[in-house]
Amino acid sequence: IDDPALCDTNWIVNGAQQSLTTSNTTCQLTDDYVCVQGSSFDGFNGEYRMAHEGVSLWLGEQGLDLDAYLTVTQINIPSTMFTNDEWAFALVENQTELYAFCVIGNGDSPSDQDRLEVYTCHDWYIKDNVTDN
């Protein structure tokens, strides 16, 4: 089936039959972009588009050498100076692997506005280059 919506009520979710509605006008991608550029970011250099307005998730656009996205998360990297669940912008590859991060706070969750200002974060760390504290 080319379109999941054609399954109508033939979806089973948690044991109950459900309908699935799809639309290309209900949930559109925005035109808010950030760019990643740097010699330490080979493969990641390029445009990332915000998935939804007001959501701190930027998806790597076509042309990147790998599957990558930017988001906000808490990090804890044992045996380094980053062991306190610091809040950070994270550059993630292959859906699960933290590649680089930029700390934006320790303790309280960043404000909604702070979560959207990835372009203000300039002290990026490559995870594999972080040394013992």
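**Exercise 1.** Determine which residues Tyr 99 touches, not counting residues up to four places away in sequence.

*Solution.* Contact means heavy atoms within 4.5 Å. With residues up to four places away in sequence set aside, Tyr 99 touches Ser 40, Phe 41, Phe 44, Leu 91, Glu 93, Tyr 125, Ile 126 and Lys 127. The model is predicted: local features need pLDDT of at least 70, side-chain atom pairs count only at pLDDT 80 or more, and totals for chains, interfaces and linings use all residues. Residues are numbered from 1 along each chain as its sequence is written, and side-chain values use heavy atoms, with hydrogens and water left out.

**Exercise 2.** State how many residues the largest nonpolar core has, and which have the most contacts inside it.

*Solution.* A nonpolar core is a set of buried Ala, Val, Leu, Ile, Met, Phe, Trp, Tyr and Cys residues joined through side-chain atoms within 4.5 Å. Buried means under 20% relative accessible area, exposed over 50%, and partly exposed in between (1.4 Å probe, protein chains only). The largest such core has 20 residues, and Phe 41, Phe 44, Tyr 48, Trp 58, Leu 70, Leu 91 and Tyr 99 have the most contacts inside it. Apart from this core lies another, of six residues, including Phe 101 and Val 130.

**Exercise 3.** Decide whether Leu 57 is buried, exposed or partly exposed, and find its contacts.

*Solution.* The relative accessible area of Leu 57 is 26%, so this residue is partly exposed. Leu 57 touches Arg 49, Met 50, Ala 51, Tyr 69, Leu 70 and Thr 71, residues up to four places away in sequence not being counted. Between the C-alpha atoms of Leu 57 and Leu 70, 13 residues apart along the chain, the separation is 5.7 Å.
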